[in-house]
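Reader: I would like to go through this entry feature by feature. Please give the idea behind each reading before the case.

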Number of protein chains: 2
Amino acid sequence: VVRVRIDLAYDGAGFHGFARQPGDDITTVQGTLEGALRRLTGQDASTTGAGRTDRGVHALAQVVHVDLDPTVDRAARFLADLDRTRERVDAMVGPAITIGRVTEVDDGFDARFSAVERAYRYRLSDAPRPDPRLRGLRWHVPAPLDVAAMALGAFHLEGEHDFAALCRRAEGRHTVRRIDQLAVVRAGDEVHVTVRGPAFCHQQVRSLTGLLVQVGRGRAAPGRVAEVLASRDRAAAPAVAPPHGLTLERVRYAPPYPDAPPEDLEAPR
Amino acid sequence: VVRVRIDLAYDGAGFHGFARQPGDDITTVQGTLEGALRRLTGQDASTTGAGRTDRGVHALAQVVHVDLDPTVDRAARFLADLDRTRERVDAMVGPAITIGRVTEVDDGFDARFSAVERAYRYRLSDAPRPDPRLRGLRWHVPAPLDVAAMALGAFHLEGEHDFAALCRRAEGRHTVRRIDQLAVVRAGDEVHVTVRGPAFCHQQVRSLTGLLVQVGRGRAAPGRVAEVLASRDRAAAPAVAPPHGLTLERVRYAPPYPDAPPEDLEAPR
């Protein structure tokens with residue numbers, strides 16, 4: 001078999017998340033991509049992704065791999081000219097998905113397990129009169145956010161902790177994670193929460209953003225973040241932030257595999 | 001009567017244009033706004049707008065005026081606290097419309113006829129792999145745009161001309177217009193066509209953008225712009241650019257009336 005890596009970006013608004021669902025009569029990013037690959041290669045194209053983004057969450061740096069049998073005629077054509085293949089897949093998946101690059105990789109590469117770091121950005125706006133054209137990208141909070149307080153709160157979450165209070169429960173999954181950096185910065189009328197670490201549990205970034213927004217609005221002191229974390233009790237955390245403010249922006253791979261997004265994907269703004 | 005000025009911004013994607021349509025069983029920005037005003041004031045709130053943006057076109061600087069009878073109870077309440085009124089109207093019109101400001105004006109102000117200049121921005125992207133989250137704001141052109149050639153072409157359109165070749169025909173309307181500035185600038189992976197003048201004919205900005213994109217793609221020389229203009233023949237012009245790349249960004253008023261958008265509306269990006 002030949003292993004192929006596909007780097008892609010998507011607007012999560014129209015999808016029920018990244019991961020293909022059993023039955024698949026709903027629209028997922030993975031299902032849409034696999035449908036296109038099946039039509040082009042004539043093979044059952046089962047993909048593995050770097051990160052399972054939830055319904056409504058965006059990505060600029062999603063990565064999948066897929067194994068193809070090059071002895072099959074259509075797959076051979078698929079593999080012969082990967083630039084042309086990129087264009088064909090890109091046209092088939094529709095405008096909400098951009099195929100950034102299609103490359104052949106050795107079988108040491110695994111889109112999920114070779115990833116050593118994921119980085120997300122959560123985009124908030126506290127403008128009193130927000131630009132309505134950007135409402136699909138940001139969570140609009142109708143009150144000024146105290147970024148210094150949010151940054152103080154964020155400090156408690158860096159490092160390795162049991163994030164049970166900030167993870168959606170999943171049977172049998174442990175909740176210890178490491179956050180290497182959690183930054184809160186203002187960018188004009190926006191406030192960005194950026195986080196990077198090896199891997200995150202389900203809804204972790206949206207949960208911690210929901211908590212930091214409580215701090216930013218003055219409804220909780222920065223020290224409350226440490227208390228919620230120490231409680232290991234999901235009921236202690238406020239509601240998770242809505243999905244549309246969140247984007248998977250970078251995935252780092254162990255050498256020699258290049259990071260995502262590829263350089264020729266438009267820089268995030 | 002008391003005249004009220006309302007400054008608003010909207011994402012044009014979900015609307016069949018700004019202008020209320022006869023029958024009104026489709027969703028327009030003006031119809032949505034007037035419905036909210038009617039419910040709040042108990043009066044037939046007929047508004048006049050600064051610019052009739054087409055279906056799909058956005059605005060950061062739309063302005064309307066409406067006349068209210070202050071002796072009617074609900075209208076008196078509407079007028080008594082215009083900050084609170086702004087919040088109530090804003091909540092009623094939904095997230096695709098942002099109400100920037102509600103102010104009382106003298107009857108010398110007319111949202112349409114007091115406007116002395118309108119400015120539009122058409123946003124293009126020629127990134128090979130565009131950010132899919134921004135596809136509702138820009139026309140993606142799948143080839144590099146030669147901005148210098150576009151700027152040369154644009155030069156022919158500045159000043160006063162008969163724009164018959166670049167106006168959608170309207171019975172009995174003359175097509176002589178003045179363009180005070182038409183600029184083409186690159187901003188990273190985007191190319192912006194910005195234009196300002198006292199007033200524009202129907203589809204003028206989208207028509208000239210369609211023509212300039214032909215020049216930017218090398219399908220027409222810059223001098224072709226002068227030829228198309230001189231022909232006064234709409235058939236000589238290429239297809240109009242799609243509406244979703246266009247935003248009405250500024251309306252200037254004769255003193256003493258302030259320009260739109262109000263300063264507290266989020267700055268365009």
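Reader: Is Cys201(A) buried or exposed?

Author: The model is predicted. A residue is called buried when its relative accessible area is under 20%. Cys201(A) has 10% relative accessibility, so Cys201(A) counts as buried. Cys167(A), at 3%, counts as buried too.

Reader: What do Cys167(A) and Cys201(A) form?

Author: A disulfide is read from the distance between two cysteine sulfur atoms, which must lie within 2.5 Å. The sulfur atoms of Cys167(A) and Cys201(A) are 1.7 Å apart, and the pair forms a disulfide. The angle about the S-S bond is -80°, a left-handed link. Distant parts of chain A are linked: Cys167(A) sits in the loop between strand 7 and strand 8, Cys201(A) in the loop between strand 10 and helix 5, 34 residues apart. Over all chains there are two disulfides; Cys167(B) and Cys201(B) form one of them.

Reader: Which residues of helix 2 of chain B are buried?

Author: For a helix, one asks where the buried residues point. In helix 2 of chain B they are Ala75(B), Phe78(B) and Leu79(B). Viewed down the helix axis, these buried residues fall within an arc of 90°, so they line one face. They pack against strand 1, helix 1, strand 3 and helix 3 of chain B. Asp73(B), Arg77(B) and Ala80(B) are exposed on the other side.

Reader: What rotation superposes chain B on chain A?

Author: Copies are compared by superposition. Here a rotation of 180° with 0.0 Å of shift along its axis places chain B on chain A, at an RMSD of 0.0 Å. This is the relation of a two-fold axis. The same surface serves both copies, as 97% of the contact residues of chain B recur in chain A.

Terms used: Residues are numbered from 1 along each chain as its sequence is written. Chains are lettered from A and ligands numbered from 1 in the order in which they are written. This is a predicted model: local features need pLDDT of at least 70, side-chain atom pairs count only at pLDDT 80 or more; totals for chains, interfaces and linings use all residues. Side-chain values use heavy atoms; hydrogens and water are left out. Copies are superposed by least squares on the C-alpha atoms of residues with pLDDT of at least 70 in both. Contact means heavy atoms within 4.5 Å. Buried means under 20% relative accessible area, exposed over 50%, partly exposed in between (1.4 Å probe, protein chains only). Helices (H or I, at least four residues) and strands (E, at least two) are DSSP runs, numbered from the N terminus. The arc is that of the directions from the helix axis to the C-beta atoms.
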